[in-house]
Every structure is written in C-alpha cells, then in structure tokens.
Amino acid sequence: MVAVESSETVTRSEVKKEYKKFIGRKIFFISFFILLTILLCGISVSLGPLKFSVLEVYATILDRFIPNFFDVPELAPIVVWNIRINRVIMGVLAGAGLAIAGAEMQGILRNPLASPFTLGISAGAGLGAALAIIAGVGFIGGGLLLVGNAFVFALIPSFIIVALARFKRATPETMILAGIAMTYIFSAVSSLLHYFSEAEALKDVVVWLMGSLGRATWNDIYIISITLAICIPLLIWRSWDLNVMGAGDETAKSLGINVERTRIFVMMVASFLTAVIICFTGMIGFIGLVAPHITRMCIGGDNRFVVPASALFGAAFLVAADIIAREIVAPVIIPVGIVTSCVGGPLFLYLIIRKKREYW
Amino acid sequence: MKLKVKNVEFGYQSVPVLKDVCFELAQSEVLGIVGPNGAGKSTLIRCIDRILKPQKGSILLDEREIKEMRGMELAKKLGYIPQSGHQSFPATVFDVVLMGRRPHIGWRSNEKDNEKVLDVLQMLKIEYLAMRDINEISGGQQQKVFIARALVQEPDVLLLDEPTSNLDIKHQLDVMDAIKKLVREKEISAIMAIHDLNLGSRYSDRIIMLNGGTIVSAGNPSSVLNAENIRQVYGVEAFVRNELGCPYIVPVSPISPNGVEAVMDGGVSRQMRDAGKSV
C-alpha cells in the first residue's frame, strides 16, 4: 500500500496521483498474474515423459485455432490435447473458483477464517464421497455416484447456514460457528464409515480426500466452465456491496444495501461454485483460505480488485502446485492437495511474519 | 418540516426501548438527543435510518413514509455516522469515503465520484489522510472520515450517533464545528445523539431529552437543560450556569434513590452550590 507522508500540505493533485498509482498497482498485479498463469500452463503441459518446449506447446494449442501457421512437432497434438491439457485447464478453473469462493465468503462474513473448509462444505463433500465409495449408496447411481454424492453433501452445510441466516437472523460469527459444528459432525460420520471399511475402499476414500486434478475429463471441464461463467459475473457484480459490508452491517444498511439478502445470495452462489468444483477434484485445501489473503496483502482490500486477482492467484498457484506434484517424485504423481498445503502453508506463514503492519 | 417522527415504538424482543416518540426536524436544524445510558438515543437514530424497524408509528421524510422507500433512495437522503467503526479488510481512507457514493452508482465509480470524494476530504481538511489505512489513524481522524463518507452520499439529513465519544477536547470541538458549519452551508439538517450535555447545549438548535424510551422534555437548550430536568432524568444534582450564551452544566453529585443527596458528597456539593450562587 502506498503511504503518503502525514504532512498537512498534501495537495489535491498529489492525492489524485497517489490514488491513480494505487489503482495502477492493482492492475499491474492482475496483468502480471494473467501472464504468469499462461506461462505456468505452458510449462505444465510441456512436462511429462515426452518433453516439448514451452513454445512448442503454445504452437500446438494455437494450431487448433489457426491451422497450418505454426510448426507443430509430431505427436504433440495428441499428447497435448488428449492427455495433458485437460488437467491444466482443470487446475486453472478449480484454482480460480476456489479462490473466488473463499474471497467472497471471507467478505460477506467479515471473517478471515471463512473458507469452504471452515464452513463445513469440504467435510460434507468428504462424507458424500465416503458414502459412495465405502457403502455404495447415494443419490445418483452409476458413474456419477461419487460426484453426485459429493456435490449434494457439500451443499447441505451451506443450506443449513443460509437457513440460519434467513430464519434465525444469525450473525456472521454464528454462521461460522455453525459451519465448524457441521464440520465435526460430518467428519465424525465419515470416520465411522472409514472405521468399518475394507482396506481397499479406505485407501480410495483417503486418496479422493487429498484432491487431484488427474481425474478431469472434458465433460467435467465443460460443467465447471459453465458454472464459473455464470457465478463469477454474479459475484463480481456484488463486489461493491461486499466492500461496504466490510465497514459493518449498520453502515452497509445506511448506504442502502440489503445486508441479509446480499449475504444469503453470495453465500449460495459461492457454495454452489465450491460444490461443483470439489465434487470433481476432491478436497484441494488451502487455496480458498489463503489465495484471498495473499492477494489482499499485495493489493489491499478493495473487493472489486481482490475477487479477480485472487482468482488469478489461485489459478496460478494450483497449476504450479500440480507441476510440483507431477515432477517431484516422477513418474509417481502425488495428490495436488498435499502440495498446496505443504507449499502454501510456509508461504503464508512467511508473508504473515514479514508483513510489518497488522493485517485484517 | 424535513422529518417527522410520529408515535414510534420499538422493542428488542419484548423489552420496549422506545415508547410513543414524536418530534419534528426542520430544514437546516441541528437537533440534539440527550438522555442517560439506555434511554434509547442510539435506537431512535437507528430507527430513523431504518437500520432497525419500529414496531409502531411512522417516520416521514419530506412527507414520505420511509418504510415505503427503496434502500438506495433512502440512502441518498439520510447519511448515518456510526459511533465507531471497524473496517474488516484493509482499506484506504479514500476508498472508505468512496463507499459513500454507493447509493449513486452501480458497480463502477468514475472520475466524477473521485472528484466528489476529494472535495469532501478537502472541506474537512483531511486530504492528507487519503491514502492511509482507515484502521491506522486516530479515533478523531476516523470520526471525520465517517462524516466525509456520509457527506459524499449528499444526504439531506445527517444522523450522528455519539460523534464525540472517544475524542479529546480539541477533536470534539473540531468535529462539532465541522458539523455545524456543514449544516449552515449546505442547508442540511442533523440529528445527533450526544452524551456530553455541554457540547449538546452549545451545538444544538433544539434538544430532545429521552428517558426510558420517552421524550421527557424538548425545546431550545436553555429550556431543556435545567437543574430540575437533570435531577429527574439523570438523578444528578447539578447547577446550570450561562456560559458563551448557552447553558453550561456542572454536575455535582448523584442522588440516592429516595431523593436525598448522597451523604458522602454532601460537603462538596454544598460548597459548589454556594460557588454557583455567587456567580
């Protein structure tokens, strides 16, 4: 953040200049992360048993849209389009979606701890998955059993939280406590299922819980893309109101905002977004909690910028984590959820320690 | 009349806080609301701004029922200044003030809004704070920022909840002078809940004294702030002088419930009353 000397002689034009610079910094951050995400995607696709250069990867991708213009290596189209790119796209979409959901939840609940994990959404999805894998029961049969279960159970905690807000006029603090209570309940039931399960099924559940991008099919990607395309504009449209709600419910009301309705609306959209993503990827921790915080540390708390910037940060971070997950003990691919927490945790701690001013 | 409050009743759960409150506010008038803790001052302010919804009665702004107005429409007419505020995420003073433009804009602000923010910052002489974080400035500075935020709303009526609590005497006068000046220059009106009787006396055109949720006295400061009212409402023995053309209250001692002065302070209060007579 840009600090102006607290002398009383600051002129109007100086303030204007400082403010422009302040906005410019945010736009720079966003542009930087757009480029970084594109670069990381290129690197990610280029890695694997069959190596390509990053430029060859871009050429192969662009060849789809402008045929016969680029030099494309043999086999590259098949490897890129059929094997590698879907997990990278999934990484971008999931990282962006989880980060936005986290930023929105922290904003409407005015609480730095709000995330899909603390609100019980992840625990719900975990129980849904455990039921599908261990007990084989669920709402939808066949191939969609696991995904359907995870999706439905992920939404249960958010419905309860929204109902509390709607009918019992719950405060943000109460909503978070309710989320934590539900996390315990769902975890306990999951543990019970784990305890009585066969070794093979238990491993499947545990691996699912760790989160992975490798399961992504093109169909999953279409579903998530459509969800993001609907949810993100709805959430960005609300970012002014989110800013104002950061000043407290009373101030927000006095500025004409229907605080309860906004809170319920954003909570529903963000939960839906999270549920759609984690039912396909499993639990990818940390991004929803930390991407918004790191973004705010860099560019301040204006949600009109925080929401898109955390999305980009989340996307870049998840793609980078996936590169590490694939390469660190190649050819074994470790679940990406492990990497996000292992790398993200220390990074976040470092930023908290290095930060001079009090944050949040 | 700018604002009319008629027979307003409000209660939290079943505990009544406001009972049958009626008053009117004229154009370009500063109305002070005084009363002991729990008298309903803040509740009344919040009812007027529709942060709380009264169970009974009506509040008319420019002859229109506020219940029937849309949120954004009301926000263009009423500016609320909270007692203190905590901003959750980091935010610069400029951005906090810009929030006040919310009722006038969609999701994007433009150059015109920025100019308005600068105008108000300049008027309150706090443009040097523009890029500082709101949570890192002093209480007096914050109070001015909240006033600035309410002003860029361009409201007709300012509602202030204890604008001088937590401020030192210099900042108290500073903030009150700013409010008085705004009311005169922009011909807006203001309602402020205020604890400090002397500030209330000096800066209000008219005063309402609340006790237990009802108005016990209303009128100009010298008619409301007399020793009898203060004894009745606050249970405090005080004498009232005339300083700088308005009543100045010197509290002497609390009265015990049976109406007799507390014995402990008896000596002091007698002394002070004698001093008061000699003035």
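Domain bounds here come from an automatic or database domain assignment. On that basis, chain B of this predicted model is divided into domain 1 (3-225) and domain 2 (227-279).

**Domains of chain B**

The C-alpha centres of domain 1 and domain 2 of chain B are 31 Å apart. Where the two domains meet, domain 1 of chain B contributes 14 residues and domain 2 of chain B contributes 9 residues. On the domain 1 side of chain B, two or more residues each come from α7 (197-203), β9 (206-211), β10 (214-219) and α8 (221-224). Of these elements, α7(B) gives the largest share, with 4 residues. By class, this side of domain 1 of chain B has 7 nonpolar, 6 polar and 1 charged residues.

**Contact between the chains**

Chain B also touches chain A, in a contact that takes 32 residues from chain B and 37 residues from chain A. On the chain B side, α2 (71-75), α3 (93-98) and α4 (111-123) each supply at least two residues. The largest share of that side, 4 residues, belongs to α2(B). The residues that chain B places against chain A comprise 18 nonpolar, 8 polar and 6 charged.

**Helix packing in chain A**

From α4(A), the contact uses Ile121(A), Ser122(A) and Ala125(A), and from α11(A) it uses Ser271(A), Thr274(A), Ala275(A), Ile278(A) and Cys279(A). This contact of α4(A) with α11(A) holds 5 nonpolar, 3 polar and no charged residues.

The residues of α4(A) in the contact are Ala123(A), Gly124(A), Gly126(A), Leu127(A), Ala130(A), Leu131(A), Ile134(A) and Ala135(A). They meet Met182(A), Thr183(A), Phe186(A), Ser187(A), Val189(A), Ser190(A), Leu193(A) and His194(A) of α6(A). The contact of α4(A) with α6(A) has 10 nonpolar, 6 polar and no charged residues.

The crossing of α3(A) past α8(A) is left-handed. Helix α3(A) takes part through Asn86(A), Ile89(A), Met90(A), Leu93(A), Ala96(A), Gly97(A), Ile100(A) and Glu104(A). Helix α8(A) supplies Trp218(A), Ile221(A), Ile224(A), Ser225(A), Leu228(A), Ile232(A) and Leu235(A). By class, the residues of the contact of α3(A) with α8(A) are 11 nonpolar, 3 polar and 1 charged.

**Geometry of helix α7 in chain A**

Helix α7(A) has 12 residues (199-210), and at 1.5 Å a residue these should span 16 Å. The C-alpha atoms at the ends of α7(A) are 17 Å apart, which agrees with that expectation. Just after α7(A), Gly211(A) adopts a positive phi of about 85°.

Note on methods
Residues are numbered from 1 along each chain as its sequence is written. Chains are lettered from A and ligands numbered from 1 in the order in which they are written. This is a predicted model: local features need pLDDT of at least 70, side-chain atom pairs count only at pLDDT 80 or more; totals for chains, interfaces and linings use all residues. Two residues are in contact if their C-beta atoms, placed from the backbone, lie within 7 Å. Ala, Val, Leu, Ile, Met, Phe, Trp, Tyr, Cys and Pro count as nonpolar, Asp, Glu, Lys and Arg as charged, and the others, Gly among them, as polar. The expected span of a helix is 1.5 Å times one less than its number of residues. A crossing is left-handed if the near helix is turned anticlockwise from the far one by less than a right angle, and right-handed if clockwise.
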